[in-house]
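Have the structure open while you read them.

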Amino acid sequence: MINYLKKGPSLEEKAESNKQVQTIVEDIIADIEKNGDQAVKNYSEKFDKWTPESFRLSKEQIAACYEELDEQVISDIRWAQEQVRNFAQIQRDSMKDVEVETIPGVVLGHKHIPMESVGCYVPGGKYPLVASAHMSVVTAKVAGVKRVIACAPPFDGKPSPAIVVAMDMAGADEIYCFGGVQAVAAMAIGTQSIAPVDMIVGPGNAFVAEAKRQLFGRVGIDLFAGPTETLVIADESVDGELCAADLLGQAEHGPTSPAVLLTNSEKLAKDTMAEVERQLTILPTGDIAGQAWRDFGEVIVCDTHEEMLQVANDLAFEHVQVMTENVDYYKDNMQNFGALFLGPETNVSYGDKCIGTNHTLPTKKAARYTGGLWVGKFIKTCTFQKVTEQASVIVGNYCSRLCAVEGFAGHKEQADIRLRRYEK
């Protein structure tokens, strides 16, 4: 039996909120498409109180950001990027071009071709999310993207030094200081001062995610990465204090970030709920995390691990932390998730910041059909074929007859003209 000790908002409530976001984003995109740089400046002033002469940072501005950081911070950024770069390179090396003779005289293959240009969005509204620069820019560069532009909103009224340094160290070719829908739209559509890109990547709030959704088709996107979701699957092999810390550690992302405990122990569920309330009184970001927990937090108690697996796959959450006696059961059987964090020794924060796997992951059930950002997202896999005259006759006979079945006379003639020329 599946029992909800704490329930989040209904689907109807979520749908109404999404509709409001959709309308706002539509209007902003239309304005930027019509008015370009001026519209971007207007929205930057309105939402970020930020109107510099140029949103693109100069070499001098970038260098000044380095001067503001301690050497330890720069060293830590470098270490994190090394982990991300190393894993991305391992992933890239696993992608092989193919060229094979499938039947005598027929050579088929595919090539992995990097995209020409990518725009990387790095969130920075409530917190300067430095790690997002590693995840997008480093990975794009490992993939071989020629032009990578990166942007983040101002933090405390100016560019965030740590984000700017991370973007620069990651290899960004252009760095901008602006955020929100106006940044995503400017990169995708282009303005008088910004050349458009072929793809937009990076996480963000509900407005950023909706902007990517509306712009998809005009440009490519990595995935729908909205407010952070975290699911903790736990049994009595761990305690409520640990579960609460891992729930609130992600709930602090924003007031609409779902955090869910899924357990087969009612005792652990109640202990965790009590621990959440205690930790909220001492957590510096407790106001935001507390609102997310109150409005979007859930506690679900099941009888068996099989039921827990069913619920977890149905939720299809972004982050799934498994702290059970047999974590491999979930690793082997879970189908719908952004990333798995197996065992109490690891946690979502490791993945978010520095361990090497990518933290840009699917939300809102998108994990049913896609994984997270990885080097392959920046690469087009394109096929080719090459055929001898003799093989063209073999294939052409089949093709001609199949075209006739479908009634495609023009297609049939493409085959027939080769049969007339090559058939001996």
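The points below go from the domains to a sheet, a helix and one cysteine.

1. Bear in mind that this is a predicted model. The chain splits into domain 1 (17-93 + 115-221), domain 2 (227-371) and domain 3 (388-422). Between domain 1 and domain 3, the C-alpha centres are 50 Å apart.

2. Have a look at the open sheet with the strand order β2-β3-β14, where the pairing is antiparallel. The edges are taken by β2 (98-103) and β14 (379-387); each has a single partner strand, so one side of each has no neighbour in the sheet. On average, neighbouring strands here are turned by 20 degrees against each other, direction ignored.

3. Zooming in on one pair: β3 (residues 106-114) and β14 are joined by nine bridges in the antiparallel sense. If you want a residue to start from, take Lys 111, whose bridge partner in β14 is Cys 382.

4. Helix α15 (residues 389-406) lies across β2, β3 and β14. Against β14, α15 runs at about 100 degrees.

5. Now for Cys 243: is this residue buried or exposed? Cys 243 sits in helix α9 (residues 240-251), and its relative accessible area is 0%, under the 20% cut-off, so Cys 243 counts as buried. Leaving aside residues up to four places away in sequence, Cys 243 touches Val 232, Ala 234, Val 238, Leu 261, Leu 268, Thr 272 and Met 323.

6. One distance to finish: Cys 243 and Ala 391 are 148 residues apart in sequence, and their C-alpha atoms are 63 Å apart in space.

How values were computed:
Residues are numbered from 1 along each chain as its sequence is written. This is a predicted model: local features need pLDDT of at least 70, side-chain atom pairs count only at pLDDT 80 or more; totals for chains, interfaces and linings use all residues. Side-chain values use heavy atoms; hydrogens and water are left out. Domain bounds come from an automatic or database domain assignment. Helices (H or I, at least four residues) and strands (E, at least two) are DSSP runs, numbered from the N terminus. Buried means under 20% relative accessible area, exposed over 50%, partly exposed in between (1.4 Å probe, protein chains only). Contact means heavy atoms within 4.5 Å. Two strands pair if DSSP finds at least two bridges between them. Axes are lines fitted to C-alpha atoms, for helices over the stretch in contact, and angles run from 0 to 180 degrees between N-to-C directions.
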